[in-house]
Amino acid sequence: MEVRAGEAVAVIGANGAGKSTLLKSIAGLLPSRPDAITFAGEPIGGLPAHAVAARGIALVPEGRGLFASLSVEENLLIGGQLNRPGPWNLSSIYDLFPVLGERHAMPSTALSGGQQQMAAIARGLMANPKLLLCDEISLGLAPIVVRDIYTRLPTILSAGISLVLVEQDVVQALKAVQRVYCLQEGRVALAGAAKDLTRETIAAAYFGV
Amino acid sequence: MTDWINVILQGVLVGGLYAMFAAGLSLIFGVMRLVNIAHGDLIVLAAYLALVATQTLGIGPLVSLLIVVPLMAAVGYALQRLILNRTLGEDLLPPLLVTFGLSVIIQNGLLALFTADDRKLQAGAIEVATVRLFEGVYVGLLPLLQFAVAVAVIAALQFVFYRTALGRAFRATADSPEVARLMGLDNRHVFALAMALSLAVVAIAGVFLAIRADFDPSIGPARLIFGFEAVIIGGLGSLWGTFAGGLVLGVAQAIGAHINPGWQILAGHIAFLVILAVRPEGLFAKGRA
Amino acid sequence: MNVHVTFASRSSRAGMALCAVAFVALIAAPAWGGRDDLQLLSEMYCYVALASLWNLLAGYAGLVSVGQQAYVGLGAYILFAFAILAGMPPLAAIALAGIISAAVAVPVSGLVFRLRGHYFAIGTWIVAEVFRLTASQVSVLGGGSGTSLPAALIIAIAPSRQLRDFIEYWVALALVGAVLLLIVLLLRSRYGLALKAIRDSELAATCNGIDVRRTKILVYIVTAGAAAMIGAFIFLQRLRISPDAAFSVNDWTAFVIFITVIGGIGRIEGPIVGTIVFFALRQTLADLGTFYLLMLGAVAIAVMLAAPKGIWGLVVEKLGWQIFPLERRVIADGSTVAGNAAKT
Ligand SMILES: Nc1ncnc2c1ncn2[C@@H]1O[C@H](COP(=O)(O)OP(=O)(O)OP(=O)(O)O)[C@@H](O)[C@H]1O
Ligand SMILES: [Mg+2]
């Protein structure tokens with residue numbers, strides 16, 4: 001499995017297929033063999049999460065994981081606390097997600113579900129990562145809210161970062177990416193360009209029929 | 001009447017010291033859910049460090065803070081990195097047992113080095129200087145200074161916790177260590193910084209304790225208990241609440257001592273237990289803990 | 001198929017046989033040991049008993065108390081009070097100390113059970129401090145400096161010193177035997193299953209209809225009464241009492257916790273193994289003053305970090321031994337079907 005610079009890739013699969021496990025392993029939250037994961041030509045599998053983050057990989061965790069006792073803006077500042085150079089800072093984030101700017105002083109728990117997801121993505125961007133990993137952005141959100149968030153993805157990608165989207169909502173994900181991996185029981189069951197995949201081949205890989 | 005005003009005033013001033021005992025305790029509990037049983041013994045350790053510094057360098061106790069505070073902070077950082085980080089987790093027994101072990105080690109180590117004799121730091125003329133507040137009510141300059149330092153320490157901690165990047169890192173790590181790691185925060189380092197800050201406060205408290213009263217290697221556990229009582233009386237999650245808790249404890253002890261000298265500490269414990277029975281979330285809690 | 005549940009296993013049968021032999025040898029100790037031996041053994045029994053009780057509290061019921069000195073001291077003071085003020089025979093006063101202390105533990109539990117986790121731990125300690133400071137206000141028992149048992153009461157136990165030594169030794173052995181038996185029976189009763197469920201997952205236990213709170217309070221009260229009897233005995237043997245000694249957090253809680261953790265928490269055998277280590281350290285380092293306490297603290301920290309299940313935990317893991325038959329085993333046609341359903 002690979003992700004090229006500036007590319008958007010989707011990882012899909014049924015519940016329990018191992019999608020979150022894959023992202024956590026890349027981010028260093030779960031241990032893996034040092035050479036199992038390489039980033040920019042270097043093995044990073046053995047690094048702890050904070051060191052992986054310092055190299056420019058940000059994970060937007062499943063369920064958003066905002067810091068409840070911090071305000072919206074403080075959440076963003078924690079995201080940016082590594083001071084990596086790049087396009088994202090508070091003002092460019094507030095341009096992308098104006099609602100966060102309006103509510104920057106609120107406790108993060110006071111945001112709606114969609115706004116919380118925006119804040120989680122924004123917090124990931126504040127690190128100015130080279131690779132952004134998003135775990136189930138659409139989880140528990142109304143379709144209209146999901147669409148709203150997905151309309152920001154092109155702007156994010158235009159800044160030149162790579163993106164990995166883990167999704168259950170296959171249709172939504174396929175529209176946003178160039179390539180797709182389908183996981184099944186921890187293994188890649190299908191890989192290909194997003195436009196080449198048909199509903200049938202995906203269903204086959206999804207359920208292993 | 002002035003009699004009682006004096007009693008309460010003395011209680012409030014001692015309460016400032018208790019608030020300092022409590023602040024370090026509540027800081028690390030807030031950040032990493034660790035109750036440090038050796039907290040009181042570390043206060044006594046700081047007192048002995050100040051004793052050695054004043055005796056060998058011929059400096060005053062207040063100047064010795066310049067040495068003792070960074071030294072204790074370094075001890076805190078190392079202690080957390082080398083030992084305490086390995087005890088953190090769901091189970092509360094490992095940190096409890098390990099800090100209990102540290103407590104016994106510090107007590108017996110100090111006993112071996114310094115014997116059980118009473119010691120005291122001499123601060124010179126400032127110890128006897130008094131200030132007249134109004135007719136019949138005098139307070140010592142030293143207790144007043146110590147109280148002012150306690151207020152400053154709490155205010156500084158409040159500032160660090162809510163207004164700085166370090167405080168943000170503390171709160172984020174307390175909320176979710178795992179997500180904080182994703183933001184590049186090494187929680188082992190963050191926890192060690194919290195312990196360093198806690199022991200810096202411990203150092204200040206230890207030096208003032210040593211100027212105020214006699215100390216020996218065995219008095220640590222009682223200081224831990226005073227600090228703990230102040231935290232609970234004040235209510236979790238609020239530094240100014242902790243400060244107020246220290247004052248309540250100090251006043252309760254002063255009133256007890258005024259009625260019967262043998263009742264000083266007992267009165268503090270009783271006040272604590274009564275508050276626990278009628279208002280277990282503390283007097284000044286932000287919300288239920 | 002014929003299925004039944006049993007507690008015994010081969011190692012436990014061998015273990016119980018060995019225990020029986022050891023027990024007989026220990027009963028006969030006055031025949032082979034000198035006065036010092038008897039005293040050392042009595043002291044060890046007391047620590048085995050206290051550590052076993054703490055193990056029951058913390059290792060099984062999840063009640064990490066650092067205030068057991070409250071009941072050790074209370075029991076001791078009750079014995080001294082009834083002996084000195086009412087002339088009661090000290091051995092009878094031991095039983096009374098247990099009953100009264102258990103009764104005192106009822107309202108105390110109402111207070112400390114408002115606290116959870118760490119707060120429970122330190123809350124119990126503060127209760128012990130209240131007891132200590134109250135004891136030092138009781139001037140008929142010597143206030144802060146304490147008092148001694150009158151010689152007449154001691155002589156009334158038995159006319160000769162040697163016989164007194166023997167009787168006291170057997171009382172200690174009976175006490176530790178009773179405590180261990182009580183714990184084994186408790187763990188094999190329906191409360192035992194409840195305790196194991198609580199230990200594994202308090203939430204799941206609550207959901208399965210186990211009254212967690214009631215079970216915990218019961219354990220708290222029983223251990224309080226038993227600790228008080230041990231405390232009463234310890235100070236009967238010492239003949240002198242003072243608040244600082246009777247309510248010492250280091251002697252009756254810190255060392256007891258170290259012993260339990262070093263030996264193996266959550267196992268009956270742990271406190272016995274831990275006590276042997278504690279006394280071995282003390283006897284070998286006796287010349288260095290309180291240095292052995294420093295060592296004890298260091299060993300406890302090292303064990304907690306390196307082998308959190310303690311020495312006996314390692315033995316069980318590597319060799320699969322268990323001496324006390326506590327594990328329920330399902331037997332079908334005489335052969336073991338499922339062995340490790342509930343680990344002790
Ligand atoms: N490569 C693998 N090999 C073995 N087990 C795996 C592998 N990947 C994941 N698992 C296990 O599968 C379980 C589910 O994994 P995970 O949470 O990653 O699934 P998911 O695809 O994110 O599911 P969901 O859609 O519910 O979020 C976990 O217990 C994990 O340990
Ligand atoms: Mg998942």
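So, chain A against chain B: the contact, meaning heavy atoms within 4.5 Å, takes 21 residues from chain A and 17 residues from chain B. Before I go on, this is a predicted model, where local features need pLDDT of at least 70, side-chain atom pairs count only at pLDDT 80 or more, and totals for chains, interfaces and linings use all residues. Residues are numbered from 1 along each chain as its sequence is written, chains are lettered from A and ligands numbered from 1 in the order in which they are written, and side-chain values use heavy atoms, with hydrogens and water left out.

Okay, area. The size of an interface is often given as the accessible area lost when the parts come together. Here, the buried area (accessible area, 1.4 Å probe, that two parts lose on being put together, summed over both) is about 1,700 Å² between chain A and chain B, and carbon and sulfur atoms give 62% of that. On the chain A side, A:L29, A:H50 and A:F67 lose the most area to chain B, together 33% of what that side buries.

What about charges? The rule finds 1 salt bridge across the interface of chain A and chain B, a salt bridge being a side-chain nitrogen of Lys or Arg within 4 Å of a carboxyl oxygen of Asp or Glu. The partners are B:R171 and A:E74, with the closest N and O atoms 2.7 Å apart. There are also 6 residue pairs in polar contact across the interface of chain A and chain B, both residues at pLDDT 80 or more. A polar contact is a pair of N or O atoms within 3.5 Å; within protein, one must be able to donate a hydrogen and the other to accept it, and residues adjacent in sequence count only if both atoms are side-chain atoms.

Which elements give two or more residues to the side of chain A that touches chain B? Those are α1 (19-27), α2 (49-54) and α3 (72-79) of chain A, where helices are DSSP runs (H or I, at least four residues) numbered from the N terminus. α3(A) gives the most, with 4 residues.

Next, chains B and C. Of the 2 pairs of chains in contact, chains B and C share the most contacts, with 41 residues from chain B and 38 residues from chain C. The area buried between chain B and chain C is about 3,600 Å², and carbon and sulfur atoms give 84% of it. In chain B, B:L93, B:L97 and B:F100 lose the most area to chain C, together 17% of what that side buries.

How many salt bridges are there between chain B and chain C? The count is 0, and for residue pairs in polar contact, both at pLDDT 80 or more, it is 5. On the chain B side, α4 (93-114), α9 (220-234) and α11 (264-278) each give two or more residues, and α4(B) has the largest share, 14 residues. Chain A and chain C have no contact; their closest C-alpha atoms lie 21 Å apart.

Last stop, ligand 1. Residues around ligand 1 include A:G16, A:K19, A:T21, A:E136 and A:Q168, going by heavy atoms within 4 Å. A side-chain N or O atom of A:K19 is 2.9 Å from an oxygen atom of ligand 1, and a polar side-chain atom of A:E62 lies 3.0 Å from a ligand 1 oxygen atom.
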